Protein chains: 2
Amino acid sequence: MQFWFEFASTYSYPAALRVEALARQHGVPLKWNAFLLGPLFQAQGWNDSPFNLFPVQGRYMWRDLERICGDLALPFRRPSQFPRHSVLAARVACRFADEPWLPAFVRAVFQANFADDQDISQPAVLERCLAPLDLPGNTVLEEAQSPASKAALRAQTEQAVALGIFGAPSFIVDNELFWGNDPLEAALAWTRAPSPVKKTY
Amino acid sequence: MQFWFEFASTYSYPAALRVEALARQHGVPLKWNAFLLGPLFQAQGWNDSPFNLFPVQGRYMWRDLERICGDLALPFRRPSQFPRHSVLAARVACRFADEPWLPAFVRAVFQANFADDQDISQPAVLERCLAPLDLPGNTVLEEAQSPASKAALRAQTEQAVALGIFGAPSFIVDNELFWGNDPLEAALAWTRAPSPVKKTY
């Protein structure tokens, strides 16, 4: 299963924190795919998160997220800045996607943003996420900002668009797209028992 | 639990077809509240369904609905016109909300729209939904178009806005709003075990 996430995305937080354990329970291999929502929103004519552009939806989302985190016993504090610039963190996650420490790094960044209200656009914050993993933050961040790493994240974001992705989190199983935190269980169920319903759309 | 639905809304279809049995299983009294999404969308500057305005989301929605209906063994055929004009059906549902036949009528209209591709804006189609319930379609539709019935639906739509509703289906339990078909189970769980998380937003 492919897990497509964006570090600034609110519903990506609970998804990122629970996806690995659930995938393991289902015996489903997991691919972590960071991407950026900004270019996708801009292509729709949005210059901000839809949760800011449409305040009624935004108000609902924050309460819904609060409830979801409560149910999962995940700490949650509304970030004082939303959405936060996530490009540096996404470059790290894209460049080092296959490293065994990647899932722990992703979770640490999400918690920094949505539990500890830290500015994840700052290299110092990301270095603090890398330190407990015994990683040389400085070196990792430098490598993540190489031209090749920047190009890799751009390509991955373009791939998201090509796959029909328009929001985060998204899950892909056998060319089936599932959007949002709620459908994670439906995506995992699909790995075992795809619906017999012919794909028309 | 309040169930807020719109006859033209795609995700309201599976919700309307499963809500009564689930609520009964949970011993939760159910209030059926028809409303119109059009005025809410217009207030956001949208002159059409967001699924038409944002085609990538629309494409996803049709496949997602196809999958959901497959899982629930609900017949589904994409309506040849979307969204359909739902004001007459909504006036009936609002005027006769407390009648014992109301849930069966609501289900019949949703099936006409999303399983049989019938134009639910037509009185003849609604009369065919009323006939199996032994109701005089002509009289019911006439009463639904009285000035009082029209005003009642307008007031109910305004109440939806006042409650923070912005889409359909929506469920309300103890001032908590749940939006979409997926969160129906979460709304029902809330009736027994509200989250201890303080409402901040």
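Q: What makes the four strands of chain A a sheet, and in what order do they lie?
A: Two strands pair if DSSP finds at least two bridges between them. By that rule the strands form an open sheet in the order E2-E1-E3-E4 (chain A), with mixed pairing. The edge strands are E2 (31-34) and E4 of chain A, each of which pairs on one side only. From one strand to the next the twist averages 20°, an angle between N-to-C directions (0 to 180 degrees) of lines fitted to C-alpha atoms.

This is a predicted model, in which local features need pLDDT of at least 70 and side-chain atom pairs count only at pLDDT 80 or more, while totals for chains, interfaces and linings use all residues. Residues are numbered from 1 along each chain as its sequence is written, and chains are lettered from A and ligands numbered from 1 in the order in which they are written.

Q: How many bridges join strand E1 (residues 2-5) to E2(A), and do the two run parallel or antiparallel?
A: Four bridges join them, and the strands run parallel; pairing asks for at least two. Gln2(A) stands opposite Lys31(A) in E2(A).

Q: How many helices and strands does chain A have?
A: Ten helices and four strands, where helices (H or I, at least four residues) and strands (E, at least two) are DSSP runs numbered from the N terminus. Along the sequence the pattern is β-α-β-α-α-α-α-α-α-α-α-β-β-α.

Q: Which residues of helix H10 (184-192) of chain A are called buried?
A: Leu184(A), Ala187(A), Leu188(A) and Trp190(A). A residue is buried if 20 or more other C-beta atoms, placed from the backbone, lie within 10 Å of its own, exposed if 12 or fewer, and partly exposed in between.

Q: Why are the buried residues of H10(A) said to line one face?
A: Seen down the helix axis they fall within an arc of 150°, so they line one face; the arc is that of the directions from the axis to the C-beta atoms. These residues pack against helix H1 (12-26), strand E3 (170-173) and strand E4 (176-179) of chain A, with contact meaning C-beta atoms within 7 Å.

Definitions and conventions
Contact = placed C-beta atoms within 7 Å.
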